[in-house]
Amino acid sequence: MNKNKPPFFTGDIPASPVGPGAQRQILGRDDQLMMLKMDFETGAVGAMHEHLHTQATYILSGAFEFTIGTEKKVLKSGDGCFMPAHIAHGCVCLEAGSLIDVFTPERKDFLT
C-alpha cells in the first residue's frame, strides 16, 4: 500500500479554495480514480468547462443548477449526475451545500 495515498480518510483533510465561495477536499485517490468533496456557498459558480476525465457527482446537501451539454436541471440532496469525458458542464449553487465528485482517471491538475 502506498503511504502517500492512505486507504482511510477523515474529516481533518485540509480544504483548498478553488474560487469565490467554493473549496475542495481531496478525499482519496490513485492514478485511476479520485474522490473529492466540494463545498459551495449560495451563489458560487462552478464555471462551464470540460476535461478528459469521466465524472460522477453526488449532491450531499444544498441545491445546484447543473448544466451538462445543452441540458439544465436543478439537483438537490440525494440526487446525482454523470459527465462523460469532453462534455461541457458546470453548476450554480442555489442553496449552500456540498458535492462528492469522483473522477477517472485522477485529476492530476488538482494536485499542483
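Reader: Does C81 count as buried or exposed, and at what relative accessibility?
Author: The term buried applies under 20% relative accessible area, exposed over 50% and partly exposed in between, with a 1.4 Å probe and protein chains only. This is a predicted model in which local features need pLDDT of at least 70 and side-chain atom pairs count only at pLDDT 80 or more, while totals for chains, interfaces and linings use all residues. Residues are numbered from 1 along each chain as its sequence is written, and side-chain values use heavy atoms, with hydrogens and water left out. C81 counts as buried because its relative accessibility is 15%.

Reader: How many disulfides does the structure hold, and how far from C81 is the nearest cysteine sulfur?
Author: A disulfide here is a pair of cysteine sulfur atoms within 2.5 Å, and the structure holds 0 of them. C81 is accordingly in no disulfide, and the cysteine sulfur nearest to C81, which belongs to C91, is at 8.2 Å.

Reader: Which cysteine has the sulfur nearest to that of C91?
Author: C91 is buried, because its relative accessible area is 7%. It is likewise in no disulfide, since the nearest cysteine sulfur is 7.4 Å away and belongs to C93.

Reader: Where does E106 lie, and which side chain makes a polar contact with the side chain of E106?
Author: With strands taken as DSSP runs of E of at least two residues, and helices as runs of H or I of at least four, numbered from the N terminus, E106 falls in the segment after β8 (89–104). E106 counts as buried because its relative accessibility is 4%. Leaving out neighbours within four places in sequence, E106 has contacts (heavy atoms within 4.5 Å) that include R29, D30, H53 and L111. A polar contact is a pair of N or O atoms within 3.5 Å, where within protein one must be able to donate a hydrogen and the other to accept it, and residues adjacent in sequence count only through side-chain atoms on both sides; the side chain of E106 makes one, at 2.9 Å, with the side chain of K108.

Reader: At what distance does the side chain of S98 make a polar contact with the side chain of D39?
Author: S98 is placed in strand β8 and counts as buried because its relative accessibility is 10%. Not counting residues up to four places away in sequence, S98 touches several residues, among them K37, Y58 and F64, as well as D39. The polar contact between the side chains of S98 and D39 spans 2.4 Å.

Reader: How many aromatic pairs does a search of the whole structure find, and what angle lies between the planes of F40 and F64?
Author: Rings of Phe, Tyr and Trp (its six-membered ring) pair if their centres lie within 6.5 Å, and planes under 30 degrees apart count as stacked, over 60 as edge-to-face and the rest as tilted. F40 and F64 form an edge-to-face pair, with centres 5.4 Å apart and planes at 75°.

Reader: Which strands hold F40 and F64, and which residue do ring pairs link with them into a cluster?
Author: F40 in strand β3 (residues 34–40) and F64 in strand β5 (residues 54–68) are 24 residues apart, so that their pair links distant parts of the chain. F64 and F66 form a tilted pair, 6.3 Å centre to centre with 55° between the planes, and both are buried. The residue that ring pairs link with F40 and F64 into a cluster is F66.
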